[in-house]
Amino acid sequence: MPGNAPIVMNRNLQALRMSRRLLLFFCLLLQPTGVSANVSADDSASLTDYSLEQLMDLSVAVTSAARKPQKLEDAAAAIYVITQEDIRRSGMTSLPELLRMAPGMQVAHIDGSTWAISSRGFNAKNSDNLLVMLDGRVLHTPTFTGVYWDAQDVVLEDIERIEVIRGPGGALWGANAVSGVINIITKSASATQGGLVSGGGGNFERQGTVRYGGKINETGNFRIYARNIAQDNFRLASGADAHDQRDLRSAGFRADWGLAGGNSLTVQGDTYASDSDHTGSAISLSPPSSTPIGYTIDQKGGNLLTRWKRALSTTSEWTAQFYYDYYERRYLNVDERRDTYDLDFQHRFLWGDAHDIVWGAGYRQTGDRMDNTIVVAFDPARRDDRVAGAFFQDEIALNRDKDLHLIVGSKFEHNDYTGFEHQPNVRLRWKLDEQRTVWTALSRAVHTPSRTDADGLVTTTLLPATGGIANVMQLQGNPAVQSEHVRAFEAGYRIHPSTRAQMDVSAFYNAHRNLMTIEPADPYLVAGAQPYRIMPRIFYNKASATTYGLEWSGNWQPSDKWQFKAAYTWLQMNIRRDADSLDTSIESEVGRSPQNQFQLHVFHSPSAHVDLSGALYYVDSLPSLNVPAYVRLDARIGWRIRRDLELSLTGRNLLDSRQPEFVNTSGPRTSEVSRSLFGAATWRF
Amino acid sequence: MALLTTMTMRLLCGALLLLALTPAHAVPSEYDLKAAFIFQIAKFVEWPAGSAPPRLCVLGGNPFGAALEALRGKPSPSPERKMEVTLLDMGADIRECSMLFIASPAERHLERIVAISRGAGILTIGDTEGFAKRGAMVNFYLENGKVRFEINLDVARQGGLKISSKLLSLARIVDFQQDR
């Protein structure tokens with residue numbers, strides 16, 4: 001660090017050197033044989049004669065600037081990282097809850113196991129614009145390109161970090177990373193050695209985790225875990241049970257080997273079974289009526305992933321990854337089974353001094369088998385789809401100082417629904433100095449049709465009968481439906497004046513085209529003992545939208561005992577349907593994502609054994625859903641009574657006994673999020 | 001008598017020189033000191049049998065300046081083995097090195113370096129926060145203006161190196177990023 005101190009020091013040194021030379025001169029005069037050679041050698045040479053203990057006693061003159069890895073600051077995207085420490089201190093018990101912490105995300109709890117999660121607008125129960133991955137495995141299902149959150153779980157203590165990238169990620173990750181990428185990264189097995197037993201309970205949920213990690217000979221490590229979570233029912237506005245409880249059991253393992261010759265190998269797998277309660281509408285044709293019906297979704301599944309990483313040199317490496325994922329989801333008479341195989345290869349290398357190149361190719365095959373029912377059906381009932389793609393990205397240092405980088409890249413992908421898709425981006429990152437970075441990006445990303453968009457037949461609502469014949473609205477997939485695409489312009493500024501303070505601002509302007517709408521088609525009669533009329537609603541691409549917004553976040557740690565984090569998100573959406581579109585509901589999407597959101601987190605450690613944390617959220621109203629603005633307060637106290645034992649008490653939604661955060665648009669009733677207390681103990685051995 | 005005078009003068013000059021040198025060393029530069037540390041640490045590390053003369057490579061620029069040059073040819077660990085010093089370019093083959101200092105500009109290559117040095121008998125050294133937890137064997141840090149170092153023993157063992165207990169007693173021992 002340039003400053004006064006080194007200059008002063010140099011002067012002192014100069015003076016000392018001078019006096020030494022004079023002394024040397026005298027000595028030379030005085031003694032005929034001269035002095036020993038090492039006296040005339042310079043300082044560092046004689047320092048090497050010091051013992052380690054002597055060296056450890058010496059103070060250095062210049063304290064170098066903190067050299068923390070600054071990858072985050074170097075990203076040319078709106079990225080936020082939720083660390084293991086953030087997770088622990090939050091007291092939250094599920095993945096979706098953790099995502100609330102990420103600035104710029106829209107996260108709403110719909111009912112016990114259903115969430116609306118998106119970034120930069122278009123929030124919905126079946127939000128399909130986010131790419132969510134766990135250790136490189138895609139969590140969303142091609143059935144609707146969203147995530148079945150009710151069947152997702154992970155040992156939260158084993159998460160290393162969650163990277164949340166807002167904005168398009170299609171150039172690297174491919175289709176459906178339209179508005180963001182969430183990358184959940186678990187720890188290497190070498191970092192989870194020993195045992196962990198944690199358990200907790202409260203008025204809304206109970207859970208328990210057992211995990212053990214050990215060594216596999218000299219080079220490898222493993223961990224195994226088993227976990228169970230059980231959530232109780234939320235309540236309806238009336239105070240009645242909402243029938244939305246959930247139970248999930250999971251077990252799994254991860255093993256990592258570091259092998260000679262630059263090879264690393266990871267093998268991991270999970271198996272799980274979940275059941276969650278929901279409420280839908282049962283349609284009866286005689287007399288035409290619609291009544292709420294409770295049902296349970298059972299999902300079982302498993303996955304196995306292996307990743308082989310090989311460093312070829314200090315500047316070149318490749319990674320090959322393969323996974324298999326299986327699930328079966330059953331509710332009422334619906335049965336959906338899906339097998340996915342995914343192979344991915346990537347190679348990163350430095351080319352010359354200025355180019356950091358990553359390229360790769362991937363292939364995914366997913367096959368499903370649907371047991372069709374009168375309410376939910378797919379045509380065809382079985383389908384195998386393949387996605388093959390390749391990408392490249394070059395990060396080019398534009399100048400000698402390497403503070404100006406241009407990043408260009410694109411993904412090219414072929415899918416069975418819409419054929420070839422390209423998703424290029426161009427980014428520019430300028431590191432103004434050690435503390436400040438500005439970046440800007442121009443990108444294109446696509447959302448390819450899901451199985452439901454193309455082939456689904458979902459009977460949704462009973463309309464008033466005409467002439468004694470029931471009218472049933474049916475959502476019908478359209479095999480000719482096109483990809484939705486977005487052109488996004490983003491810019492951001494990051495400043496970290498010290499290691500204790502950071503601030504990040506990003507702004508975006510997205511132009512969405514080809515958005516899917518639901519268009520009415522001519523009704524037709526279904527003959528039978530009980531004839532009824534189907535009013536088809538078919539997917540077309542007949543809308544466009546512009547969205548823009550601003551995301552601000554800041555982090556300030558005035559001392560080791562206090563930390564404050566805050567974030568503000570402002571979002572504007574304009575949706576226009578084409579002149580020939582009859583979808584009057586598409587425009588109401590605007591009112592489903594909050595215009596303003598604010599969050600404040602306070603962390604305080606009064607002593608080495610006690611942590612306190614509080615999180616305050618303000619979420620603007622959702623006019624289309626009649627959800628009023630709300631303030632939510634979560635708080636936690638953690639007490640480490642021994643090195644290996646921590647107790648904690650977490651309160652969620654403390655300000656209100658219950659409040660809605662979203663509305664279940666596909667069900668007849670709306671759950672309200674309850675106030676809850678959760679006490680937990682974690683023992684490590 | 002004359003002999004005695006010369007002896008006295010020599011001793012006196014020696015003492016004066018020490019006096020003159022001591023304050024200069026009270027404020028050595030950070031990297032002069034770290035270079036001296038590296039030279040000393042090498043004496044407490046046992047490389048796999050048949051290793052070449054100690055060869056210190058530096059990757060990611062040369063933060064040591066002239067102090068690095070001063071190490072060249074110094075006998076280590078035994079008088080007959082002279083230390084070699086090489087400044088490496090990114091992408092160079094590190095397997096010829098017995099010690100590799102990874103300067104912070106090479107930070108983003110650390111994982112690859114750790115992978116390549118596994119089982120290759122290379123003592124990896126750094127001075128960037130978190131390096132040891134990420135797999136560097138020795139990592140310097142500053143504490144109250146003094147140089148300290150941490151050692152990731154697991155990685156050193158996997159790398160085929162034996163580190164003397166004396167060195168370990170002076171170091172902070174770290175594991176891979178363990179949870180708390």
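This is a predicted model: local features need pLDDT of at least 70, side-chain atom pairs count only at pLDDT 80 or more; totals for chains, interfaces and linings use all residues.

Trainee: Which residues of H4(B) are buried?

Mentor: They are B:Leu110, B:Arg112, B:Ile113, B:Val114, B:Ala115, B:Ile116 and B:Ser117. After H4(B) comes B:Gly119, which has a positive phi, near 75 degrees.

Trainee: Is A:Gly456 buried or exposed?

Mentor: One counts neighbouring C-beta atoms: a residue is buried if 20 or more others lie within 10 Å of its own. A:Gly456 has 21 within that distance, so A:Gly456 is buried. This residue belongs to strand S23 (residues 456–466) of chain A.

Trainee: Which residues does A:Gly456 touch, not counting those up to four places away in sequence?

Mentor: A:Gly456 touches A:Phe378, A:Arg451, A:Leu475 and A:Gly477. A:Gly456 and A:Ala381 are 75 residues apart along the chain, while their C-alpha atoms are separated by 9.4 Å.

Trainee: In what order do the five strands of the open sheet in chain A lie?

Mentor: The order is S1-S6-S7-S4-S5, with mixed pairing. Strand S1 (78–83) and strand S5 (137–138) are the edge strands, each pairing on one side only.

Trainee: In which sense do S1(A) and strand S6 pair?

Mentor: S1(A) and strand S6 (residues 159–166) of chain A pair in the antiparallel sense, over six bridges. As an example, A:Thr83 has A:Arg161 as its bridge partner in S6(A).

Key. Residues are numbered from 1 along each chain as its sequence is written. Chains are lettered from A and ligands numbered from 1 in the order in which they are written. Two strands pair if DSSP finds at least two bridges between them. Helices (H or I, at least four residues) and strands (E, at least two) are DSSP runs, numbered from the N terminus. A residue is buried if 20 or more other C-beta atoms lie within 10 Å of its own, exposed if 12 or fewer, and partly exposed in between; C-beta atoms are placed from the backbone. Two residues are in contact if their C-beta atoms, placed from the backbone, lie within 7 Å.
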